[in-house]
Amino acid sequence: MLSDGRHRIRIAVAHKRQTRYIVTPFILDSLSQFRNGRVIRHEHADQINSHLRKKVDDYIRLAASLDDAQGLTCTELIHFLREAQRRKQMTLMLLTEEYLG
């Protein structure tokens, strides 16, 4: 919970009996706006749910592509997922700059 009473959405990653969280940029005014893993009663609920679904699908795909996921701690797995996502975004930015430049 944030100091103003609002809640930041986090993606839970469970691995080797540990759970860690990936923080997202989305903030809800109340926990009542989140039910069964979906945002409800929020003016941008559809867009948020779509973005989160895409992120979770990407993380699942990335984790499945790891040959030695069992050799990683939960924290290391999250670091891998974040870094892979960052590299993907950087590649897209570079391609966009090259195309537009």
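**Exercise 1. Is Asp 58 buried or exposed, and which salt bridges does Asp 58 form?**

*Solution.* Start with accessibility. Asp 58 has a relative accessible area of 11%, so Asp 58 is buried (buried means under 20% relative accessible area, exposed over 50%, partly exposed in between, with a 1.4 Å probe and protein chains only). Before going on, note that this is a predicted model, where local features need pLDDT of at least 70 and side-chain atom pairs count only at pLDDT 80 or more, while totals for chains, interfaces and linings use all residues. Residues are numbered from 1 along each chain as its sequence is written, and side-chain values use heavy atoms, with hydrogens and water left out.

Next, look for partners. A salt bridge is a side-chain nitrogen of Lys or Arg within 4 Å of a carboxyl oxygen of Asp or Glu. Asp 58 forms one with Arg 61, with the closest N and O atoms 3.7 Å apart. Asp 58 forms another with Lys 88, and here the closest N and O atoms are 3.3 Å apart. This second pair links distant parts of the chain, since Asp 58 sits in helix H1 and Lys 88 in helix H2 (residues 74-100), 30 residues apart. (Helices are DSSP runs of H or I with at least four residues, strands are runs of E with at least two, and both are numbered from the N terminus.)

Now put the pieces together: Asp 58, Arg 61 and Lys 88 are linked in a network of salt bridges. Both partners are partly exposed, Arg 61 at 45% and Lys 88 at 38%.

**Exercise 2. How many residues apart are Asp 57 and Arg 53 in helix H1?**

*Solution.* First find the pair: Asp 57 and Arg 53 form a salt bridge, their closest N and O atoms being 3.1 Å apart. Then count along helix H1 (residues 45-65): the two are 4 residues apart, so about one helical turn separates them. Asp 57 is partly exposed at 39% relative accessibility, and Arg 53 is partly exposed at 46%. In total, the structure holds 5 salt bridges.

**Exercise 3. At what angle do H1 and H2 pack?**

*Solution.* The angle is about 110 degrees, and the axes are 10 Å apart (axes are lines fitted to C-alpha atoms, for helices over the stretch in contact, and angles run from 0 to 180 degrees between N-to-C directions). That makes H1 roughly perpendicular to H2; angles of 65 to 115 degrees count as roughly perpendicular, under 35 as roughly parallel, over 145 as roughly antiparallel and the rest as oblique.

Now zoom in on the contact (heavy atoms within 4.5 Å). On the H1 side, the residues include Lys 55, Asp 58 and Tyr 59, and on the H2 side they include Phe 80, Gln 85 and Lys 88. Take Gln 85 of helix H2 as a case: at 8% relative accessibility, Gln 85 is buried. Not counting residues up to four places away in sequence, Gln 85 touches Lys 55, Asp 58, Tyr 59 and Leu 62.

**Exercise 4. Which backbone oxygen does the side chain of His 15 reach?**

*Solution.* Locate His 15 in strand S1 (residues 7-15). With a relative accessible area of 9%, His 15 is buried. The side chain of His 15 reaches the backbone oxygen of Ala 69 at 3.0 Å. Leaving aside neighbours within four places in sequence, His 15 is also in contact with residues including Gln 70, Leu 72 and Leu 77.

How values were computed: Polar contact = N/O pair within 3.5 Å; in protein donor to acceptor, adjacent residues only side chain to side chain.
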